[in-house]
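Please examine the sequence and the structure shown below.

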Amino acid sequence: MKIKLTSVYVDDQARALRFYTEVLGFAKKADFSQGPFRWLTVASAEEPDGTQLQLALNDNPAAKAYQQAIFQQNQPAAMFFTDDVKAEYERIKARGAEFTMPPTQVPGATIAKLNDTCGNLIQITQLARW
């Protein structure tokens, strides 16, 4: 089995697409609509055929409640990995991202958290190399 898709709920798909592509640097993978439904995914520019992230509209009350609850608890909705969290922090910050936590060493990793402007916190993680 493989993980090919995971989702993050967003309150505005157009704003999310701009953030995830222009600020984080992901590439748009799929974007099509049927009536009011829009299927929108991005993927890592480094692995364009890898796992996709669906930017799912939080128009379901349960999705909205979940999204708001984890945001209020300061929990990330998604976690992305890098080999250099400090360089990513500088790159993304220069593109206008609002970080809620600068690169911080924790047991086994260095992490940073940022607001995706669409209702979520995102964590960037660099695992410690033993």
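The points that follow describe a helix and a hairpin in this predicted model. Helix α2 spans residues 61-72, and its buried residues pack against strand β1 (5-10). Strands β6 and β7 form a hairpin with 2 residues between them.

**Helix α2: length and ends**

- Helix α2 consists of 12 residues, and the distance from its first C-alpha to its last is 16 Å, close to the 16 Å expected at 1.5 Å a residue.
- At the start of α2, the backbone nitrogen of A62 has a side-chain oxygen of N60 within 2.7 Å.
- N74, which follows α2, has a positive phi, near 65°.

- The buried residues in α2 include A63, Q67 and I70, each with under 20% relative accessible area.
- These residues lie on the same side of α2, because they cover an arc of only 75° around the axis.
- Strand β1 (5-10) is the element against which the buried residues of α2 pack.
- P61, A62 and Q72 are exposed and sit on the face of α2 turned away from its buried side.

**Strands β6 and β7**

- Strand β6 covers residues 98-106 and strand β7 covers residues 109-115; the two pair in the antiparallel sense over 6 bridges.

Definitions and conventions:
Residues numbered from 1 in each chain as written. Predicted model: local features only at pLDDT ≥ 70, side-chain atom pairs only at ≥ 80, totals over all residues. Heavy atoms only, no water. Pairing = 2+ DSSP bridges. Helix = DSSP H or I, 4+ residues; strand = E, 2+ residues; numbered from the N terminus. Expected span 1.5 Å × (residues − 1). Buried < 20%, exposed > 50% of the residue type's maximum accessible area, 1.4 Å probe, protein only. Arc of directions from axis to C-beta. Contact = heavy atoms within 4.5 Å. Polar contact = N/O pair within 3.5 Å; in protein donor to acceptor, adjacent residues only side chain to side chain.
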